[in-house]
Amino acid sequence: MKIVVQDMRWQIFLIMKLSRNFTLQELIKSDTAIRLNIDNNPNGDQIDKLKQLCENVLQPVRDQFGRVKVTSGFRSPELCKAIGSSENSQHAKAEAADIEVIGVDNAELADWIYRTCEPDQLILEFYTPGEPNSGWVHVSWVPYNPRRQYMRAYREDKRIKYKPIIGKAVDLV
Ligand SMILES: [Zn+2]
């Protein structure tokens with residue numbers, strides 16, 4: 001009986017709304033964490049930050065473009081280690097998410113977020129101009145002094161490089 005109650009609490013925890021259209025589950029789900037049985041549960045402060053990310057970026061994107069696919073949100077230190085991501089990443093601080101909107105050019109999506117949501121850091125990752133579905137958008141949000149960084153990430157000689165985006169991403173060639 002005790003197990004059932006805990007199970008129910010767990011279910012309620014996962015369907016907790018972070019904003020009108022986003023649940024906690026969407027922001028913490030990780031196939032790798034499930035596969036490797038890694039704890040990827042945020043604490044209260046981290047849930048608050050995920051809420052701010054949803055309210056200030058993800059929900060406005062949802063309202064403008066429709067359903068948002070969160071490919072990666074919060075990553076616990078253990079999950080960072082497992083996938084080779086830095087433990088200093090804003091994903092580990094519950095400040096960042098990787099997103100896509102099906103049917104929307106990732107460059108157009110990034111430009112809109114940059115103009116509209118005052119992100120801390122916005123990275124158009126592995127986008128190939130002319131291929132709207134290529135890559136994804138990494139976005140972070142902080143309550144104070146956002147850096148307003150706008151960059152693209154790409155591979156060159158098997159290394160990941162970053163370059164600032166001056167102007168609009170849709171004008172990239
Ligand atoms: Zn990311």
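The radius of gyration is taken here over C-alpha atoms, and the rule for a globule is 2.2 Å times the number of residues to the power 0.38. For the 173 residues of this chain that rule gives a value near 16 Å for a compact globule, and the chain has 17 Å, so the two agree. The structure is a predicted model, in which the chain holds 6 helices and 8 strands.

**Overall build**

- The C-alpha trace spans about 60 × 35 × 30 Å along its principal axes, and buried residues make up 29% of the 173 residues in the chain.
- Of the contacts in the chain with a separation of 6 or more, 65% are accounted for by residues 24 or more positions apart.

**The sheet**

- An open sheet of 6 strands is present, with the order E3-E4-E6-E5-E7-E8 and mixed pairing.
- Its edge strands are E3 (residues 69–72) and E8, each of which pairs on one side only, and the twist from one strand to the next averages 30°.
- In general, the strands of a sheet pair through backbone hydrogen bonds, and the pairing is either parallel or antiparallel.
- Strands E7 and E8 pair in the antiparallel sense over 6 bridges, and Arg152 stands opposite Lys163 in E8.

**Helix H4**

- Helix H4 covers residues 44–65, which is 22 residues, and from its first C-alpha to its last it reaches 30 Å, close to the 32 Å expected at 1.5 Å a residue.
- The helix bends by about 45° at Cys54, and Cys54 also belongs to the buried residues of H4, together with Lys49, Leu50, Leu53, Val57, Leu58 and Val61.
- The cover over these buried residues includes both strands and helices: strands E1 (17–19), E2 (22–23), E4 (96–100) and E6 (136–140), along with helices H2 (24–28) and H6 (106–116).
- Just after H4 comes Gly66, which takes a positive phi of about 105°.

**Helix H6**

- The buried residues of H6 are Asn106, Ala107, Leu109, Ala110, Asp111, Ile113 and Tyr114.
- These buried residues pack against H4 and against strands E4, E5 (121–125), E6 and E7, and H6 is in turn listed among the elements that cover the buried residues of H4.
- H6 is followed by Glu118, whose phi is positive, near 45°.

**Loop residues**

- Asn43 is placed in the loop between helix H3 (31–35) and H4, and it counts as exposed because 9 C-beta neighbours lie inside 10 Å, where the cut-off for an exposed residue is 12 or fewer.
- The C-alpha atoms of Asn43 and Lys158 are separated by 36 Å, and these two residues are 115 residues apart along the chain.
- Arg148 lies in the loop between E6 and strand E7 (149–156), and although Arg148 is not a glycine, its phi is positive, at about 55°.
- With 11 other C-beta atoms within 10 Å, Arg148 is exposed.
- Asp157 lies in the loop between E7 and strand E8 (159–164), and Asp157 likewise has a positive phi, of about 50°, although it is not a glycine.
- Asp157 has 5 other C-beta atoms within 10 Å and is therefore exposed.

Definitions and conventions:
Residues are numbered from 1 along each chain as its sequence is written. This is a predicted model: local features need pLDDT of at least 70, side-chain atom pairs count only at pLDDT 80 or more; totals for chains, interfaces and linings use all residues. Helices (H or I, at least four residues) and strands (E, at least two) are DSSP runs, numbered from the N terminus. The expected span of a helix is 1.5 Å times one less than its number of residues. The bend at a residue is the angle between axes fitted to the seven residues ending there and the seven starting there. A residue is buried if 20 or more other C-beta atoms lie within 10 Å of its own, exposed if 12 or fewer, and partly exposed in between; C-beta atoms are placed from the backbone. Two residues are in contact if their C-beta atoms, placed from the backbone, lie within 7 Å. Two strands pair if DSSP finds at least two bridges between them. Axes are lines fitted to C-alpha atoms, for helices over the stretch in contact, and angles run from 0 to 180 degrees between N-to-C directions.
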